[in-house]
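Welcome! Below is a short tour for anyone meeting this structure for the first time. Take a look at the sequence and the model, then read on.

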Amino acid sequence: MRHRRIEPLSDVLNHYLQALGLDKKINEVRLINSWEETVGKIIAKSTTNIFIRNGVLEVHIRSSVIKNELLLLKDGLIQALNDKVGNKVIHDIVLR
């Protein structure tokens with residue numbers, strides 16, 4: 001009888017996703033989904049078209065007042081969003 005190393009299912013799935021190259025995309029989706037939780041419902045309602053391109057989160061904002069507030073909090077937002085995912089997914093935020 002051979003003894004095999006037992007690994008948690010989550011570790012096996014993570015290795016499988018990395019092998020397929022899907023782990024980066026899944027982290028991007030998780031980061032986008034955490035946007036409302038991070039900035040709050042009021043600000044999230046004023047944002048549209050949230051996507052990530054080349055490590056840059058692009059967010060379209062309807063209100064210039066909210067845009068200016070988020071510009072002041074940009075570094076903290078980047079850190080908070082990356083912390084929610086547990087990886088460094090973005091390095092910049094562009095507000096349009």
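Let's begin with Tyr16, which counts as exposed because its relative accessibility of 52% is over 50%. Please keep in mind that this is a predicted model.

- Tyr16 belongs to helix H1, which covers residues 9–20.
- The twelve residues of H1 should span 16 Å at 1.5 Å a residue, and the 17 Å between its end C-alpha atoms agrees with that.
- After H1 comes Gly21, which has a positive phi near 80 degrees.

- Ser46 sits in the loop between helix H4 (41–45) and strand E1 (47–53).
- With a relative accessible area of 15%, Ser46 is buried, because the cut-off is under 20%.
- Leaving aside residues up to four places away in sequence, Ser46 touches His60, Ile61, Arg62 and Ile66.
- Ile61 lies in strand E2 (residues 56–61), and it is buried too, with a relative accessible area of 12%.
- Beyond residues up to four places away in sequence, the contacts of Ile61 include Ser46, Thr47, Leu70, Leu95 and Arg96.
- How far apart in space are Ile61 and Leu22, C-alpha to C-alpha? The distance is 29 Å, and the two are 39 residues apart in sequence.

**Salt bridges**

- How many salt bridges does the structure hold? There are six.
- One of them pairs the side chains of Glu7 and Arg5, at 2.9 Å from N to O. Glu7 is partly exposed at 30% relative accessibility, whereas Arg5 is exposed, with a relative accessible area of 69%.
- Another joins the side chains of Glu58 and Arg53, at 3.6 Å from N to O. Arg53 counts as partly exposed at 47% relative accessibility.
- Glu58 also meets Arg96 through their side chains, at 3.3 Å from N to O. This pair links distant parts of the chain, 38 residues apart: Glu58 is in strand E2, and Arg96 is in the segment after strand E3 (92–95).
- Is Glu58 buried or exposed? Glu58 is buried, with a relative accessible area of 9%, while Arg96 counts as partly exposed at 46% relative accessibility.

Definitions and conventions. Residues are numbered from 1 along each chain as its sequence is written. This is a predicted model: local features need pLDDT of at least 70, side-chain atom pairs count only at pLDDT 80 or more; totals for chains, interfaces and linings use all residues. Side-chain values use heavy atoms; hydrogens and water are left out. Helices (H or I, at least four residues) and strands (E, at least two) are DSSP runs, numbered from the N terminus. Buried means under 20% relative accessible area, exposed over 50%, partly exposed in between (1.4 Å probe, protein chains only). Contact means heavy atoms within 4.5 Å. The expected span of a helix is 1.5 Å times one less than its number of residues. A salt bridge is a side-chain nitrogen of Lys or Arg within 4 Å of a carboxyl oxygen of Asp or Glu.
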